[in-house]
Amino acid sequence: MRNVIFAINITMDGCCDHTKVIAKYFTRLMGDVDLQVFGRKTYQLMVPYWPEVAKNPSETKADREFAEAFDSVNKLVFSRSLDSVEDRNTRIVRTNLHDEIVKLKQEPGRNILVGGVDVSSQLMELGLVDEYRFVVSPVIVGEGRRLLEGVSLPERLQLKLVESNVFK
């Protein structure tokens, strides 16, 4: 069975911050997954940005490597308003989130990576996230979307720290 991995960059005050990507970490993580799941907002933040980085030789090597890894993995976008997608390996899903993820978890393949806030929050509420990976930046921004804001968990999550790494 495939695991659903929720990975996100957050600040010390719990704000989700997509500007502080630890490229090497997320590039390695992409090697463990064969599907990324997003909502429309996160998808539109990531595409076409990362596919363009992959093509730009003036970007850093680490950013290009992440961009190439990101671009090569299949993507699923849950959206009621998105009419089309810009990249070759993405499909839009309008069906029930719970049913689609349960079905995907049972299919053969590597893990499923979930990013962003909205779809991830819904998956947490549904109890469908198997693993949490928080990349915490030592900054306080004081504004922005906060992790788990407005989320109503059916029960308290008892997480177990499996590993921690310190990045420069």
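View 1. Leu157 sits in the segment after strand S6 (131-137) and counts as partly exposed because its relative accessibility is 33%; the cut-offs are under 20% for buried and over 50% for exposed, with partly exposed in between.

This is a predicted model, so to speak of local features takes pLDDT of at least 70, and side-chain atom pairs count only at pLDDT 80 or more, while totals for chains, interfaces and linings use all residues. Numbering runs from 1 along each chain as its sequence is written, and side-chain values use heavy atoms, with hydrogens and water left out.

**View 2. Arg2, tucked away before S1.** Arg2 lies in the segment ahead of strand S1 (4-11), and it counts as buried because its relative accessibility is 5%. Its side chain makes a 2.6 Å polar contact with the side chain of Asp34 (N or O atoms within 3.5 Å, one able to donate a hydrogen and the other to accept it; sequence neighbours count only if both atoms are side-chain atoms).

**View 3. The largest nonpolar core.** This core has 24 residues, with Phe26, Leu29 and Trp50 among those with the most contacts inside it. Its members are buried Ala, Val, Leu, Ile, Met, Phe, Trp, Tyr and Cys residues joined through side-chain atoms within 4.5 Å. Helix H1 gives the largest share, five residues.

Conventions:
Helices (H or I, at least four residues) and strands (E, at least two) are DSSP runs, numbered from the N terminus. Buried means under 20% relative accessible area, exposed over 50%, partly exposed in between (1.4 Å probe, protein chains only).
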